[in-house]
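Here is a brief report on one chain, arranged by region. Please read it alongside the coordinates.

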Amino acid sequence: MPTPEQSPLGKAVSYADQYDPTLLFPLPRQPKRDEIGITGRLPFMGADLWTGYELSWLNLRGKPQVALLQVNIPCETPNIIESKSFKLYLNSFNNTRIGSIEEVRERIFADLNEAAWRGAATMDASIGVRLVPAELFDQQPIHELDGLSLDRLDCECTHYHPAPELLTTIPEEGIVSETLTSNLLKSNCLITGQPDWGSVQISYSGPQISHEGLLRYLVSFRNHNEFHEQCVERIFTDIWSRCAPVKLSVYARYTRRGGLDINPFRTSHPQALPPAVRNARQ
């Protein structure tokens, strides 16, 4: 079983400039899910939404082409794709001659499907891949996450490692449905310790969750080392187990690194994936 320590993270590497799908490094999701008590059937559904801003290749006459890459990787896949390996893989297109943008999309689709589902007996759902050509770049919107900002609260924060005990409900307030946001989510890369900056949106129906406790809980990830996908699943399971909502969705949009941003979405109930709309920090 591959481990994060075996990935390209934190290591000097040479950059391949010819197409090489073997650069992709899948990491199993289950070890980190075991840490938060997720075994067997998943308590959520959703996907990891990636945006690639540095995708380029050569057409058959050697002229560079560029596009934005949008990828949806279902959370049911047994593996995540380690982000540095994803960057190296995309860079391997740089001097590769390819006949059309659709052929580029088809190669990425096939390679990411193979890596994300590697080791699985069956493929339950394929990933989604979309390439946005340069002539459509100006149609890409920027919008902040909708909801009531928790950052308005003036509260004391003293925990900088995940503290689920900060999550409490206010039973006397009854059952509510609300969407809450924060721009104060920060964690660190599991291997390198580099900071990962994110905004998070939490939508739920159920007993009223203490806003101050929720904000202090989100801040408590500040010195925590874990990948984006794992942080969002930890947030989901902590809220689900401690606050017992009837419905819950957690969506985080992280700032890009190496030309990639990762935006995990987890939900307790079927719904459409969030649109691929970046916020101002992305």
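## Ser 249 in strand 9

Ser 249 sits in strand 9, which covers residues 247–254. The model is predicted. Is Ser 249 buried or exposed? Its relative accessibility is 5%, under the 20% cut-off, so Ser 249 counts as buried.

Gln 201, Ile 202 and Ser 203 are among them. Phe 265, Arg 266, Thr 267, His 269 and Gln 271 also touch Ser 249. The Phe 265 C-alpha lies 7.3 Å from that of Ser 249, with 16 residues of sequence separation. With Gln 271 there is a side chain to side chain polar contact at 2.7 Å.

## Strands 6, 7 and 8

Strand 7 (residues 175–188) pairs with strand 6 and with strand 8. Leu 148 has Leu 180 of strand 7 as its bridge partner.

Strand 8 (residues 195–207) is antiparallel to strand 7, with 12 bridges between the two. One of the bridge pairs is Ile 175 with Pro 207.

## The largest nonpolar core

How many residues does the largest nonpolar core have? The core has 32 residues. Those with the most contacts inside it are Ile 202, Leu 214, Tyr 217, Leu 218, Ile 235, Ile 239 and Val 250. At least two residues each come from strand 7, strand 8, helix 4 (211–219), helix 5 (228–243) and strand 9. Helix 5 gives the largest share, 6 residues.

Ile 235 shows the packing in detail. Outside its sequence neighbours within four places, Ile 235 contacts Leu 185, Ile 202, Tyr 217, Leu 218, Phe 221 and Val 250. A second, separate core has 25 residues, including Leu 55, Val 129, Leu 260 and Ile 262. In soluble globular proteins, nonpolar side chains tend to be buried together.

## Helix 5

Helix 5 has 16 residues. From first C-alpha to last it reaches 22 Å, close to the 22 Å expected at 1.5 Å a residue. Why is helix 5 described as largely enclosed by the rest of the structure? Because 13 of its 16 residues are buried. Ala 244 follows the helix and has a positive phi, near 50°.

## Helix 3

Helix 3 (residues 101–116) also has 16 residues. Its C-alpha span from first to last is 22 Å, close to the expected 22 Å. Its buried residues are Val 104, Ile 108, Asp 111, Leu 112, Asn 113, Ala 115 and Ala 116.

What do the buried residues of helix 3 pack against? The strand partners are strand 1 (26–28), strand 2 (45–58), strand 3 (64–74), strand 4 (79–81) and strand 5 (128–133). Helix 2 (83–91) is a partner as well.

## Lys 63 in a loop

Lys 63 lies in the loop between strand 2 and strand 3. Its relative accessible area is 55%, over the 50% cut-off, so Lys 63 is exposed. Apart from neighbours within four places in sequence, Lys 63 contacts Trp 57 and Leu 58. The C-alpha atoms of Lys 63 and Ser 177 are 52 Å apart, across 114 residues of chain.

Technical notes:
Residues numbered from 1 in each chain as written. Predicted model: local features only at pLDDT ≥ 70, side-chain atom pairs only at ≥ 80, totals over all residues. Heavy atoms only, no water. Pairing = 2+ DSSP bridges. Helix = DSSP H or I, 4+ residues; strand = E, 2+ residues; numbered from the N terminus. Expected span 1.5 Å × (residues − 1). Buried < 20%, exposed > 50% of the residue type's maximum accessible area, 1.4 Å probe, protein only. Contact = heavy atoms within 4.5 Å. Polar contact = N/O pair within 3.5 Å; in protein donor to acceptor, adjacent residues only side chain to side chain. Core = buried A, V, L, I, M, F, W, Y, C linked by side-chain atoms within 4.5 Å.
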